[in-house]
Amino acid sequence: MRAFPRPNMSLLQPARAPAVRFKPVMHLLGGDSLGLVADEPTEFEERAAFGPVANDNETPGPAKWMAGRLERIASAASAQELPHRPILVAAPMAGLSDPDTAMACDAAVRRTILCQQEFCLMFTDAAFAGDPADSTARVARLRRAGFRVGIDMRRSWQTPLSESFRILIDTIRVDADALEASNELCDTVYAANSAGILIVADHASWRDGDYLNDLGVAGAVAPQTDA
């Protein structure tokens, strides 16, 4: 029988759904829980399709694929009885433009014991590279379905945060190392925090809590302890 490692706070892996892993999001000053990050090894954009397979009816589009992801994550969180919310879920870029995403994800969550507001759908910064008004309308569609929406700015940070757009965004995820290298990112984070958006950072240490808080970063994904 295969032996599985015991779960811990930095990597929680349910037995029934080993592909879903959870990491805690913690407040850097208070130490309180701010939710969870749910990770799966494969993203929608990474799926391989060769020749006729791309037209196979069994291959799910972005809306159906995203709905399936939410069901898996809800099942895994429920199986482990993880109470912390919201759950940050990586969402495919194509899912933002697919008009069926909100409806499909809403139906998927209704098949679980969780509710829509317990999920924060995290789209990469590149997903908002088009018309700002169009991006606002697409995010608003997901918000009307009850979902929180966030922006993953760990690789780029070009999304214009207009006043009408800021009120729709719940969370922004950044890389703590990138903050030290980019004044532009620092300005974006500070403005977003002032607008009431929660900023969480990867690769952040507890000892940097005061420094990051001054920049507008409140939380960290599995914050590191001092060596």
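I began with Ala195, which sits in the loop between α7 and β7. (Helices, H or I with at least four residues, and strands, E with at least two, are DSSP runs numbered from the N terminus.) Ala195 comes out as partly exposed, because its relative accessibility is 38%, and the cut-offs I use are under 20% relative accessible area for buried, over 50% for exposed and partly exposed in between, with a 1.4 Å probe and protein chains only. Ala195 is 29 residues from Arg166 in sequence, yet their C-alpha atoms are 6.8 Å apart.

**What I am working from**

This is a predicted model, where local features need pLDDT of at least 70 and side-chain atom pairs count only at pLDDT 80 or more, while totals for chains, interfaces and linings use all residues. Residues are numbered from 1 along each chain as its sequence is written, and side-chain values use heavy atoms, with hydrogens and water left out.

I checked the confidence next. The chain has a mean pLDDT of 87, and 83% of its residues reach 70 or more; pLDDT is the predictor's confidence in each residue, from 0 to 100. Residues 1–18 fall below 50, and beyond near neighbours in sequence this stretch has 20 contacts in the model, a contact being heavy atoms within 4.5 Å. Residues 46–54 are below 50 as well, with 6 contacts beyond near neighbours in sequence. Where pLDDT is low, the predicted coordinates should not be read in detail.

**Whole chain**

I counted 8 helices and 8 strands. Of the 227 residues, 46% are buried. Taking contacts between residues at least 6 apart in sequence, 66% join residues at least 24 apart.

**Helix α7**

At the N-terminal end, Ser182 is the cap, with a side-chain oxygen 3.4 Å from the backbone nitrogen of Glu184. (A polar contact is a pair of N or O atoms within 3.5 Å; within protein, one must be able to donate a hydrogen and the other to accept it, and residues adjacent in sequence count only if both atoms are side-chain atoms.)

Which residues of α7 are buried? They are Leu185, Cys186, Thr188, Val189 and Ala192. They lie on the same side of α7, because they cover an arc of only 160° around the axis; the arc is that of the directions from the helix axis to the C-beta atoms. Asn183, Asp187, Tyr190 and Ser194 are exposed on the other side. The buried residues pack against β6 (171–175), α6 (176–181), β7 (198–202) and α8 (209–215).

**Leu179, from the α6 side**

I looked up Leu179 in helix α6. Leu179 counts as buried because its relative accessibility is 2%. Leaving aside neighbours within four places in sequence, Leu179 contacts Val174, Leu185, Cys186, Val189, Leu212, Leu215 and Val217. Leu179 and Val189 are 8.9 Å apart, C-alpha to C-alpha, and 10 residues apart in sequence.

In α3 (residues 101–110) I found Thr101, Ala102, Cys105, Asp106, Ala108 and Val109 buried. Their arc around the axis is only 165°, so they share the same side of α3. Met103 and Arg110 are exposed on the face turned away from that buried side. The cover over the buried residues includes α1 (62–80), α2 (93–97), β4 (119–124) and α4.

That took me to Thr136 in α4 (residues 132–144). Thr136 is buried, at 16% relative accessible area. Not counting residues up to four places away in sequence, Thr136 touches Ser164, Phe165 and Leu168.

Most residues other than glycine have a negative phi, and most peptide bonds are trans. I therefore logged the exceptions below, with that background in mind.

- The peptide bond from Arg85 to Pro86 is cis, with omega near 0°, and Pro86 lies in the loop between α1 and β3 (87–91).
- His203 is not a glycine but has a positive phi of about 60°; I placed His203 in the loop between β7 and α8, partly exposed at 44%.
- Ala222 is not a glycine either and has a positive phi of about 45°; Ala222 lies in the segment after β8 (219–221) and is partly exposed at 24% relative accessibility.
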